[in-house]
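Reader: Before I rely on any of the labels attached to this model, I would like to see how each one is reached. Could we go through them together?

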Amino acid sequence: MSAIISIKNLSKTYEGGFQALKDINLDINKGEIIALLGPNGAGKTTLISAICGIITPTEGTITVGGHDIQKDYRAARSMIGLVPQEMLIETFESVTGVMEFSRGLFGKGKDSEHVEKVLKSLSLWDKRNNKLMTLSGGMKRRVLIGKALAHEPDILFLDEPTAGVDVELRKEMWNTIRELREAGVTVILTTHYIEEAEEMADRIGVIDHGEIILVEDKKSLMQKMGEKNLKLHLKEKLNSIPESLANYNLQINADGLELLYSYDVQQEDTGITALLDHIEEAGIQYRDLETKQSSLEEIFVNLVKKS
Amino acid sequence: MNLYAVKAIYKHEMDRTWRTLAQSIVSPVLSTSLYFIVFGSAIGSRMSDVDGIAYAAFLVPGLLMLSLLTQSVSNASFGIYFPRFLGTIFEILSAPVSTMEIVLGYVGAAATKSLIVGAIILVTSAFFVDLQIMHPFLMLTFLALTALTFSMLGFIIGIWADNFEKLQIVPLLIITPLTFLGGSFYSISMLPEFWQKVTLFNPVVYLVSGFRWSFYEVSDVNLWVCIGMTLFFLLVCIIGIYWIFKTGYRLKN
């Protein structure tokens with residue numbers, strides 16, 4: 001897949017000396033949905049702002065569709081639609097008014113058909129003449145998405161798009177984003193909701209302290225998630241793993257009272273039945289057992305802790 | 001050039017004018033009418049002519065200039081400060097729009113509003129005084145140049161201000177006193193000699209004098225000096241705006 005956004009050695013240091021981005025290198029592929037995860041203040045919004053031209057990078061280059069965002073800003077920015085994290089709208093304007101304003105800013109003339117299509121896809125058509133102040137929070141958030149789509153962008157940045165949105169509406173928005181991807185739009189999503197990244201993304205990037213600490217295909221991450229642990233609470237202390245169980249790659253905890261077995265939940269044969277038979281044959285008795293699956297959230301938290 | 005963007009910003013700003021008609025247009029017209037009633041009809045009728053012109057008629061260019069300056073500054077400063085205050089400026093900063101296009105949209109709309117107010121005040125004044133404009137083309141040129149220059153100044157103030165108080169400080173504490181002391185209501189020849197010289201440091205003197213000359217061929221300062229100074233202020237504002245967008249002052253981190 002070809003990169004539609006290419007970020008090379010991007011750094012951003014604010015006037016006070018705070019380094020918000022440190023030597024970021026990232027290629028975003030055309031037509032993919034990439035989710036950027038990271039704790040508060042990690043640099044997600046700064047990265048988006050740098051790509052969209054809202055802040056000026058201290059070092060590095062960014063190209064969008066092959067256009068440098070500084071030298072060829074018109075062509076680069078024309079390709080981008082941005083949905084900000086905060087509810088930044090002029091409340092006295094009407095829904096169609098703000099849509100047309102956004103379209104004009106991006107160099108496009110009036111197109112009632114397109115505006116109608118976008119508003120219908122966001123379930124806002126009935127509210128088209130309403131002033132924004134009369135809309136609910138979820139509707140205002142959808143208006144922001146509508147504004148970003150008003151000029152038919154190739155790339156859509158969604159900075160925490162479902163923050164404060166109820167579950168039903170969140171799922172509706174996920175469907176909208178999927179439809180956009182099907183229409184060929186590249187989507188860059190920042191989110192706090194791990195399930196959102198799991199649900200939507202093709203790739204997942206983790207950013208912390210201004211550094212990208214991981215960018216990985218979601219499927220391979222899901223494989224990591226697929227790892228499950230079986231823990232046996234033993235009746236008696238075990239000093240070493242018997243020879244007959246050597247093939248199972250078991251681990252004993254420090255006090256010798258827990259036996260740990262890791263297996264791939266997606267495999268048809270997890271090996272649990274055979275393991276339990278062999279444990280019985282080896283004369284090891286256990287009083288309880290439990291299984292635990294590592295979630296993307298745990299992977300994410302561990303990655304952030306390590307960084 | 002992204003003309004759609006210029007049109008979008010211009011229309012957005014003008015729409016705000018129509019939404020706030022009472023504040024944008026009715027209010028300055030009412031306050032100017034009150035000036036004519038109080039200073040023109042009530043007090044003016046007891047005052048002698050100034051430079052051979054009836055005081056009420058003498059007031060017209062000064063009052064027009066007073067409204068034009070305050071309206072241009074407040075329209076443009078509010079126009080750009082409001083999206084900064086709301087945060088909606090992000091959309092303009094991330095759009096494929098050049099500095100010139102942003103300025104054309106905001107300053108163009110602010111200047112248009114001021115000119116509409118100016119035109120209405122001019123028509124209103126005709127009800128109170130025997131109006132004569134000896135050089136209408138020059139009058140319109142002064143009107144347009146002043147509206148443009150002070151809309152640019154307002155735009156700079158709107159970028160500089162980081163709270164509503166600062167937004168008001170320059171118009172209230174600098175523009176209004178300079179306009180009142182710039183010969184809007186009197187000829188500077190009526191001042192003691194020392195203060196006449198001090199007054200020449202007031203840029204508004206040149207705007208009012210030149211503007212008044214276009215009405216009655218009467219001026220405190222040479223017409224060409226007035227034209228030169230007006231163009232100089234315009235140039236200073238253009239340089240200020242260029243610097244703001246070059247450095248991203250108060251707009252970009």
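Reader: How many residues of chain B are in contact with chain A, and what makes a pair count as a contact?

Author: In this predicted model, 21 residues of chain B are in contact with 26 residues of chain A. A pair counts because the C-beta atoms of the two residues, placed from the backbone, lie within 7 Å.

Reader: Which helix gives the most to the side of chain B that touches chain A?

Author: H1(B) gives the most, with six residues, and helix H1 (3–19) and helix H4 (89–93) of chain B each supply at least two residues of that side. By class, the residues on the side of chain B that touches chain A divide into ten nonpolar, seven polar and four charged.

Reader: Why is B:Val123 called exposed?

Author: B:Val123, which lies in helix H5 (residues 99–128) of chain B, has 11 other C-beta atoms within 10 Å. The label exposed applies at 12 or fewer, and B:Val123 is therefore exposed. As for its place in the chain, B:Val123 is 72 residues from B:Asp51 in sequence and 23 Å from it in space, C-alpha to C-alpha.

Reader: What makes the crossing of H3(B) and H6(B) right-handed or left-handed?

Author: H3(B) passes H6(B) in a right-handed crossing, a label used if the near helix is turned clockwise from the far one by less than a right angle. The contact of H3(B) with H6(B) has 15 nonpolar, nine polar and no charged residues. The axes of helix H3 (residues 55–86) and helix H6 (residues 136–160) of chain B come within 7 Å and cross at roughly 40 degrees.

Terms used
Residues are numbered from 1 along each chain as its sequence is written. Chains are lettered from A and ligands numbered from 1 in the order in which they are written. This is a predicted model: local features need pLDDT of at least 70, side-chain atom pairs count only at pLDDT 80 or more; totals for chains, interfaces and linings use all residues. Axes are lines fitted to C-alpha atoms, for helices over the stretch in contact, and angles run from 0 to 180 degrees between N-to-C directions. Helices (H or I, at least four residues) and strands (E, at least two) are DSSP runs, numbered from the N terminus. Ala, Val, Leu, Ile, Met, Phe, Trp, Tyr, Cys and Pro count as nonpolar, Asp, Glu, Lys and Arg as charged, and the others, Gly among them, as polar. A residue is buried if 20 or more other C-beta atoms lie within 10 Å of its own, exposed if 12 or fewer, and partly exposed in between; C-beta atoms are placed from the backbone.
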